[in-house]
Amino acid sequence: MSKVSNLTIRKAIKSDSDKIHQLLMDLAAFEKIEHTVEATNESTQLALFGESPSAESIVAELDNQIVGAAVFFHNYSTFIGKEGLYLEDIYVRPEYRGQKIGRKILFHLAKIAEQRKCGRMEWTVLDWNTRAIDFYKEMGAEILEEWKIVRLSSEGIEKLSNKEQ
Ligand code: ACO
């Protein structure tokens, strides 16, 4: 019997919030961007379980312990004319990696995307994260090399919004 045979992938509930937040902080450290983090336990809880949630989460649970999580929300493609499922984060705790938990999380997300009639699923990955890139390719995803992420930081927004026309 595999070590993760009693794994459950389920929709996150409010009491999972702090654990999900910790996994997101661990992901930020893995991605070497922890110095940019502004989110707190409170902001994560509000985003996922507040009155008007900005995102949803699913968790991978093994023996009553959360060992992985994904956070996602819906975007919209004007070209496809359908909502998409945007995967913001996926993370499996280091000691549980390589046991197909990430795969099960992605299968679960694909099921949600199918049930909700999404036109596509999308996410970004750092170019040095070759293990994750290989994993995504193996799951049937395509890496769009010709697209670049364009971003305005909050300072950028402030500056631009105050610029003379
Ligand atoms: N350790 C082990 N395997 C890894 C790792 C890792 N750090 N990263 C990627 N993999 C690959 C392996 O090549 C493996 O392929 P194999 O089974 O053929 O050997 C495959 O992923 C493993 O598949 P699973 O066991 O289903 O994946 P896992 O449970 O390890 O989850 C994940 C994959 C989520 C990438 C996990 O390894 C992880 O959390 N890595 C660190 C954080 C990360 O890279 N997150 C994704 C960032 S991008 C985003 O969030 C949108």
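**Helix 3 and helix 4**

I looked up the handedness of the crossing between helix 3 and helix 4 and found it right-handed. I note that I am working from a predicted model. Next I took the geometry. Helix 3 covers residues 101-115 and helix 4 covers residues 130-138. Their axes come within 11 Å and cross at roughly 50°. I therefore put helix 3 down as oblique to helix 4.

Which residues of helix 3 and helix 4 meet? From helix 3 I listed Gly-102, Arg-103 and Leu-106. From helix 4 I listed Phe-135, Tyr-136 and Glu-138. I sorted this contact by class and got three nonpolar, one polar and two charged residues.

**Ligand surroundings**

I turned to the ligand.

I then checked backbone atoms against oxygen atoms of the ligand. For Gly-98, a backbone N or O atom lies 2.9 Å from a ligand oxygen. For Gln-99, a polar backbone atom is 3.0 Å from an oxygen atom of the ligand. For Ile-101, I noted 3.4 Å between a polar backbone atom and a ligand oxygen.

**Helix 1 and helix 2**

I went on to the pair formed by helix 1, residues 17-30, and helix 2, residues 41-49. How do I describe such a pair? Two packed helices are described by the angle and the distance between their axes. Here the axes come within 9 Å and cross at roughly 115°. Helix 1 and helix 2 are therefore roughly perpendicular to each other. I recorded the crossing of helix 1 past helix 2 as right-handed.

I listed the residues in contact. Helix 1 supplies Ser-17, Asp-18, Ile-20, His-21 and Leu-24. Helix 2 supplies Asn-41, Thr-44, Gln-45, Leu-48 and Phe-49. By class, I have four nonpolar, five polar and one charged residues in this contact.

**Arg-10**

Last, I looked up Arg-10. I located Arg-10 in strand 1, residues 8-11. With which side chain does the side chain of Arg-10 make a polar contact? The partner is Asp-16, at 2.8 Å. I also listed what Arg-10 touches, leaving out residues up to four places away in sequence. The list holds Asp-16, Ile-58, Val-59, Glu-61 and Ile-66.

Key
Residues numbered from 1 in each chain as written. Predicted model: local features only at pLDDT ≥ 70, side-chain atom pairs only at ≥ 80, totals over all residues. Heavy atoms only, no water. Axes fitted to C-alpha atoms, helices over the stretch in contact; angles between N-to-C directions. Helix = DSSP H or I, 4+ residues; strand = E, 2+ residues; numbered from the N terminus. Parallel < 35°, antiparallel > 145°, perpendicular 65-115°, else oblique. Left-handed = near helix turned anticlockwise from the far one by under 90°. Contact = heavy atoms within 4.5 Å. Nonpolar A, V, L, I, M, F, W, Y, C, P; charged D, E, K, R; others polar. Polar contact = N/O pair within 3.5 Å; in protein donor to acceptor, adjacent residues only side chain to side chain.
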